[in-house]
Number of protein chains: 2
Amino acid sequence: MRAPKETFSYPYPHPAVTTDVVVFTIRDERLSILLVKRANPPHQGEWALPGGFLAIDEDLDACAARELREETGISGVYLEQLYTFGATHRDPRERVISVTYYALVPQDALATPRAASDAADVGWHPFEKLPDLAFDHADIIAMAHQRLVAKLDYSTIAFQFMPEVFTLSELQCVYEVLLNQSLDKRNFRKRILSLELIEETGKLRRSGKHRPAREYRVKHPKRVEIIK
Amino acid sequence: MRAPKETFSYPYPHPAVTTDVVVFTIRDERLSILLVKRANPPHQGEWALPGGFLAIDEDLDACAARELREETGISGVYLEQLYTFGATHRDPRERVISVTYYALVPQDALATPRAASDAADVGWHPFEKLPDLAFDHADIIAMAHQRLVAKLDYSTIAFQFMPEVFTLSELQCVYEVLLNQSLDKRNFRKRILSLELIEETGKLRRSGKHRPAREYRVKHPKRVEIIK
DNA sequence: TTGACAAGGTGTACGGACGACACTATGTTA
DNA sequence: TAACATAGTGTCGTCCGTACACCTTGTCAA
């Protein structure tokens, strides 16, 4: 962070614009969110979403991706604009408009994200027991969660949580965690396979003292399709 | 518009923030959008969405509602945030982030919206044959239309197009226009009535030389519910 | 007055999708 | 080789969505 010597002037007051990102993953069969502990005021020492100020020549999507990469080391993941929060006093420093995003990262990636310069700490927190959050970030998370669950129903967004290869049981587990209910194994498999979006790798996954499971992969891993 | 004497300075460059609104209605059995002709540069003389700069102490929703009221005289209608557009060169003057909204207005309201000071003209344009538009407003309209059609399926948003009392044939016509396909009368009525969201007024609508239709009203006109 | 007109209003039957439900298969390990 | 633990599989009933045609009722003109 450099200390600028010049200032930037406008005939009318301008708000600051930031992006903030709600990063979801599934860890230990729990939906979890990535938070950073703020190293500086305001809300110093409190947990917050990764995010920061928009550069003047930077696209919004690029800003969200950059902040995510800088503050947590995560990149190349599914990232979608969520909503723009702009209540007048949501930031005590000045008027700040936050264009929020949500991201989905596979289970195995980034077991321990790294903390950046302006973050005292970075860590995964189960959605069910989040700490108190800075600014209006709890509202942002609530909306992101609502959107995520809604999209499960009519898109293939859940595959964004999966690693490159996975078993049907693992996939079912992801759906069960997100929907917070158990699903019938036969119906689940019937529905997923009928979408014809995943294919067998031909290999088997051996783990524990039981029958090995077939491994699958997503045919088009980056694509999120609307179904039904 | 006053000419300010002071200027506003920041240690880092700040973008300007605007709201723009896509106003839909149904006129003469066509989906139509309200556009204003720009009185000032840039894009002077071109058609654009109603909208304008965010006041520094104004909430985003309030800004969208105010701009809509000031530029077109419309108020009290359904208004929902759509998406935030922020490509770096979408406005030639300076960096501008636009938080966009869409609004739905009943068929009969505002047959002739009034033009405001910074608009040379205001008028309804059929969605199927829009003129060339200023900035990236064509993209904004495309996204608003997509959202509107998607919401038809899983919400009661279509009622926002209806006047206080209406007939089932009129309601069906709205759905047919939005979905761009004709619907079976019996199935349509069965589905709508099973929602139990509208009730008979007890009156009949006489028009033309045929059997009069029953009038209905929405039980909770301001509410947009998620169905299914 | 009556008959033609034009839109309003109504019920049934079929097919497909979804949900409930229980047992066999297979590799591991003791 | 037997117990264990998870993998993997098919049927049947129900409900919902869709297809489909005729009678009703007020108006208007002859």
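A: Helix α3 of chain A is followed by N180(A), whose phi is positive, near 60 degrees. The model is predicted: local features need pLDDT of at least 70 and side-chain atom pairs count only at pLDDT 80 or more, while totals for chains, interfaces and linings use all residues. Residues are numbered from 1 along each chain as its sequence is written, chains are lettered from A and ligands numbered from 1 in the order in which they are written, and side-chain values use heavy atoms, with hydrogens and water left out.

The helix itself covers residues 168-179, twelve residues, and reaches 16 Å from its first C-alpha to its last, close to the expected 16 Å; the expected span is 1.5 Å times one less than the number of residues. Helices (H or I, at least four residues) and strands (E, at least two) are DSSP runs, numbered from the N terminus.

Buried residues in α3(A) are L168(A), L171(A), Q172(A), C173(A), V174(A), Y175(A), V177(A) and L178(A). Buried means under 20% relative accessible area, exposed over 50%, and partly exposed in between, with a 1.4 Å probe and protein chains only. C173(A) has a relative accessible area of 19% and is therefore buried. The structure holds zero disulfides over all chains, a disulfide being a pair of cysteine sulfur atoms within 2.5 Å.

α3(A) packs against helix α4 of chain A (residues 185-194) at an angle of about 100 degrees, with the axes 11 Å apart. This makes α3(A) roughly perpendicular to α4(A), the term for angles of 65 to 115 degrees; under 35 counts as roughly parallel, over 145 as roughly antiparallel and the rest as oblique. Axes are lines fitted to C-alpha atoms, for helices over the stretch in contact, and angles run from 0 to 180 degrees between N-to-C directions.

On the α3(A) side the contact (heavy atoms within 4.5 Å) involves L168(A), S169(A), L171(A), Q172(A) and Y175(A). From α4(A) come K185(A), F188(A), R189(A), R191(A), I192(A) and L193(A). By class, this contact of α3(A) with α4(A) has six nonpolar, two polar and three charged residues. Ala, Val, Leu, Ile, Met, Phe, Trp, Tyr, Cys and Pro count as nonpolar, Asp, Glu, Lys and Arg as charged, and the others, Gly among them, as polar.

In chain B, α3(B) and α4(B) also pack at about 100 degrees with axes 11 Å apart, and are therefore roughly perpendicular to each other. C173(B) is buried, with a relative accessible area of 19%.
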